[in-house]
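Subject: Structure for your review

Dear colleague,

Please find below the structure that I am handing over to you. I would be grateful if you could read the notes after it with the coordinates open.

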Amino acid sequence: MTTLPQRPHTALLVIDVQNGVVVPNSPNREKVIANIGSLIDRARAADVPVIWVQHQDEDLAPGTPAWEYVPELKRVDAEPLVAKSYPDSFEDTDLESVLAERSVGRVLVTGAQTDCCIRSTLHGALVRGYDATLVADAHTTEDLTEYGAPAPEQVIAHTNLYWSNQHAPGRQGGTVETAEVTF
């Protein structure tokens, strides 16, 4: 349903699953990482592009342990790696050209942080003409309750709820569980 002409393919986005982002106390950390790993394996088997997005800033400096992807997930050299410095994975990156080269009009979104980079990328994709599906059990966030935010589990549940009905003219949002993803 994408509004991007000649873009019939799907890609899996793996956003910011880095040591300094997906910390040991991230909600459902092990399950989320396992689900993303399963999706990566299934995407590779179906010859669906896996696009890795990696945040960098003063807290996530390239080459530092915090900046590295979690050890449970291994990128294959042939898979694109998109460096970003803003929450929206499209903003000031080459993600659009990476997707265009592969005729991708639908993205499946996984990773972290739910209330920042995941939400921003979902909205960024939809406004740019992509169908954007959130994998409901393959994203997580940190606990920001000390700053007045809801508990992380509530942030995740709320994001799944509001994105499940998201759409725009000629574009579709929505959520899906890992087990129900089709490539």
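The notes below concern the salt bridges.

Please bear in mind that this is a predicted model. The structure contains seven salt bridges, and several of them are described here.

One of these joins the side chains of Arg-7 and Glu-96, with an N to O distance of 2.6 Å. Arg-7 belongs to the segment before β1 (9-15), whereas Glu-96 sits in helix α2 (residues 95-101), so this pair ties together parts that are 89 residues apart in sequence. Arg-7 is buried, at 14% relative accessibility, while Glu-96 is partly exposed, at 31%.

A salt bridge also links the side chains of Glu-72 and Arg-29, at 3.0 Å from N to O. Because Glu-72 lies in the loop between β2 (50-55) and β3 (81-84) and Arg-29 in helix α1 (residues 29-45), the pair ties together parts that are 43 residues apart in sequence. The relative accessible area of Arg-29 is 11%, and this residue is therefore buried, the cut-off being under 20%. Glu-72 is partly exposed, with a relative accessible area of 45%.

Glu-101 and Arg-102 form a further salt bridge, in which the closest N and O atoms are 3.2 Å apart. Here Glu-101 is exposed, with a relative accessible area of 62%, and Arg-102 is partly exposed, with 28%.

Yours sincerely,

A colleague

Notes: Residues are numbered from 1 along each chain as its sequence is written. This is a predicted model: local features need pLDDT of at least 70, side-chain atom pairs count only at pLDDT 80 or more; totals for chains, interfaces and linings use all residues. Side-chain values use heavy atoms; hydrogens and water are left out. A salt bridge is a side-chain nitrogen of Lys or Arg within 4 Å of a carboxyl oxygen of Asp or Glu. Helices (H or I, at least four residues) and strands (E, at least two) are DSSP runs, numbered from the N terminus. Buried means under 20% relative accessible area, exposed over 50%, partly exposed in between (1.4 Å probe, protein chains only).
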